[in-house]
Amino acid sequence: MFENRITRLFGIRYPLVQAGMIWASGWRLAAAVSEAGGLGVIGAGSMYPEVLREHIRKCRAATAKPFGVNVPLLYPDLGRHIEIIIEEKVPIVFTSAGNPKTWTQHFRQHGITVVHVVSSSKFARKAEEAGCDAVVAEGFEAGGHNGREETTTLVLIPAVAAAVQIPVIAAGGIATGRQMLAAMTLGAEGVQMGSRFVASEEASSHQAFKQAVIAAAEGDTRLSLKALTPVRLLRNHFAAQVEAAEARGASKEELQELLGRARAKLGMYEGNLEEGELEIGQVAALLQAIEPAGRIVESVWKEFSEALENPLQIR
């Protein structure tokens, strides 16, 4: 039986976390990952407060195992989200896209384990100082909101592991067991996977988006919108418009107008593959099939275990 600080912190079998991705991470996905031995996470960023409550309750009904909620700290309904998380006694919260100092102690006063997502060792230290129980160190390869520093996972993980005493969870460009082993060799004690679980049967994202993800090749994603909040996008008509606007030096206001409202929902949830915002990581180029989430957890752990036994095996 494998055990380390991450499995003990979360009460899980495998040190494998499913990212709380907007428009993909509903209760079905979170419950399936938790049931399989990882940590399932509900993505609150695309949910109205009462929708979040519904997903928490349905997840709890579907699994007796631990699960968490990801809360982007820049969302307008943040206060209500936090009230619901506390009222529903969610055991684990992942915070991102904001200052962890604002809410960490409030969560911990209610017995909630807090993990913050960071893109640099500087912000990892700030998360530790704020009282976070662990950090997710997310490299430049990741989809969704990303760091402006463009530090790759291979560089970021050892830097963060050296900078803090709390456990480090690696994220960004990780979708296989061998990649998981590589991250943990660099100092992580667990990994968080997003793109791999977008390509799962239980993900709430649109089937057309899932198909686009597994069809993606190397070079089909690009880090965009750095003047706003950096996000890695799958290339399409909207992404080309963003690239052209950035090339001509568009202002924040112009980019915000181009982004508009509900662009991510249009692409990832409603399946408009040309005009929607399609957030996904570079590792999409390695994904070849849409699978049940439980099978993904088991196959990743099997490959990790085999690689741990024979790390130098060349395939």
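On helix α14, the exposed residues R295, K302 and E309 sit on the face turned away from the helix's buried side. Keep in mind that this is a predicted model. The buried side of α14 packs against several elements, α8 among them, and α8 has a buried face of its own. Elsewhere, the chain is assigned a domain 1 and a domain 2, with one salt bridge counted between them.

**Helix α14**

- α14 covers residues 293-309, which makes 17 residues.
- From first C-alpha to last, α14 reaches 25 Å, close to the 24 Å expected at 1.5 Å a residue.
- Its buried set is A293, I296, V297, V300, W301, E303, F304 and A307.
- Looking down the axis of α14, those buried residues fall within an arc of 160°, so they line one face of the helix.
- That pattern goes with a general point: an α-helix has 3.6 residues a turn, so residues three or four places apart point the same way.

**Helix α8**

- In α8, the buried residues are G177, M180, L181, A183 and M184.
- Seen down the axis of α8, they fall within an arc of 160°, so this helix has its buried residues lining one face.
- The buried residues of α8 pack against α14, and also against β1, β9, α7 (153-163) and β8 (168-171).
- Just past the end of α8 comes G187, with a positive phi of about 125°.

**Domain 1 against domain 2**

- The domain assignment puts 5-204 in domain 1 and 207-283 in domain 2.
- Taken over C-alpha atoms, the two domain centres are 22 Å apart.
- On the contact list, 24 residues of domain 1 touch 21 residues of domain 2.
- About 1,900 Å² is buried between domain 1 and domain 2, and carbon and sulfur atoms give 62% of that area.
- W23, R148 and V198 together supply 31% of the area that domain 1 buries against domain 2, more than any other three residues.

**Salt bridges**

- Between domain 1 and domain 2, the count is one salt bridge.
- E150 and K226 meet through their side chains in a salt bridge, at 2.7 Å from N to O.

Key:
Residues are numbered from 1 along each chain as its sequence is written. This is a predicted model: local features need pLDDT of at least 70, side-chain atom pairs count only at pLDDT 80 or more; totals for chains, interfaces and linings use all residues. Side-chain values use heavy atoms; hydrogens and water are left out. Helices (H or I, at least four residues) and strands (E, at least two) are DSSP runs, numbered from the N terminus. The expected span of a helix is 1.5 Å times one less than its number of residues. Buried means under 20% relative accessible area, exposed over 50%, partly exposed in between (1.4 Å probe, protein chains only). The arc is that of the directions from the helix axis to the C-beta atoms. Contact means heavy atoms within 4.5 Å. Domain bounds come from an automatic or database domain assignment. Buried area is the accessible area (1.4 Å probe) that two parts lose on being put together, summed over both. A salt bridge is a side-chain nitrogen of Lys or Arg within 4 Å of a carboxyl oxygen of Asp or Glu.
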